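Please consult the sequence and the structure shown here.

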Amino acid sequence: MENARADLHLHTTASDGRLTPAQVVEEAVRIGLAAIAISDHDTVAGIEEAVSAGNRLGIEVVPAIEINTDIGAVEAHILGYFIDWKSEKLGKELQKLRNGRFERGKKIVEKLRALGIPITLEQVLAIAGTGPICRPHIARALYEAGAVESPSDAFSRFLVRGAPAYVERTKLSPYDAVSIIVDAGGVAGFAHPAHTGHDELIPLLMKSGLGAIEVFYPNQPSETTLHYQALARKYGLIATGGSDAHGTDAEGGTSIGAATADIRAVEQLREAAYLRRSK
């Protein structure tokens, strides 16, 4: 399919997105995408609904995930494509991460209450729904309580590293995240590497099985894109891209399709996953 595009980094209400998996698929179809990846944080709960909607509407849905990790004081996010999302082992690993998110969320709320901000864990859980607690849920609770001017204001004032209500996440290294994805038969990708700012991690992560790198990402300078295209070629990694969209976001978030990869990236990821499972 000539000029077909794929958004390979999308979130839904299964984690911290604002649209249901089916709504994400419907929007992707509306804007003419050929494929998408549902890559919620630490959960595969949105994949079945999205795949079903994709089959109905004629768009490929890649089963994926995003795992947030830390290396020292730096965040490194790892994407996993074409994972065996029904794997019992994967499910157990993700449950550990979700449990950590719950405990972290509870501690953040306790810190906020100690600062005199009257939000409750129950309010945050109501916003999160069935998904794992993520900081955007707490930011939204703060906004709805009138404690901040916007969810982004909540992050800068309270929720980023060094802010008064920040709590470290459950410690997981990017190497462990890559291994979790590889064990689930998927292809691990380095998400928005420019945000991490440590390109020296790339060859080290490859030793754990890294197979892709997110080259195309919204609002990054063209020279950054060219830089990571060159690194993808240098290391023989699949060049992916995605919007990291969380749905409709009145607070300045990106929209579905804001960054995409050529559909050939989907075929490359599929083949790499197949080869990995065939070993």
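By class, four charged, three polar and one nonpolar residue make up the lining of the largest cavity; Ala, Val, Leu, Ile, Met, Phe, Trp, Tyr, Cys and Pro count as nonpolar, Asp, Glu, Lys and Arg as charged, and the others, Gly among them, as polar. The model is predicted: local features need pLDDT of at least 70 and side-chain atom pairs count only at pLDDT 80 or more, whereas totals for chains, interfaces and linings use all residues. Residues are numbered from 1 along each chain as its sequence is written, and side-chain values use heavy atoms, with hydrogens and water left out.

The residues lining the largest cavity are D42, N68, L97, G100, R101, R104, R169 and T170. A cavity is a set of points, on a 1 Å grid over the protein atoms alone, where a 1.4 Å probe fits but cannot get out, and lining residues have an atom within 4 Å of a point. Helix 3 (residues 88–114) gives the largest share of this lining, four residues; helices are DSSP runs of H or I with at least four residues, numbered from the N terminus.

The volume of the largest cavity is about 100 Å³, a volume being the space filled by probe spheres set on the points, which are joined across faces, edges and corners. In the whole structure, the search finds two cavities of 30 Å³ or more.

The second largest cavity has a volume of about 40 Å³. Around the second largest cavity lie R101, R104, G105, I108, I133, C134, R135 and I138 as lining residues. Helix 3 and helix 5 (135–144) are the elements that give two or more residues to this lining, and the largest share, four residues, comes from helix 3. By class, the lining of the second largest cavity holds four nonpolar, one polar and three charged residues.

Notes:
On a 1 Å grid over the protein atoms alone, a cavity is a set of points where a 1.4 Å probe fits but cannot get out, and a pocket is an open set with protein on both sides within 12 Å along at least five of seven lines; lining residues have an atom within 4 Å of a point.
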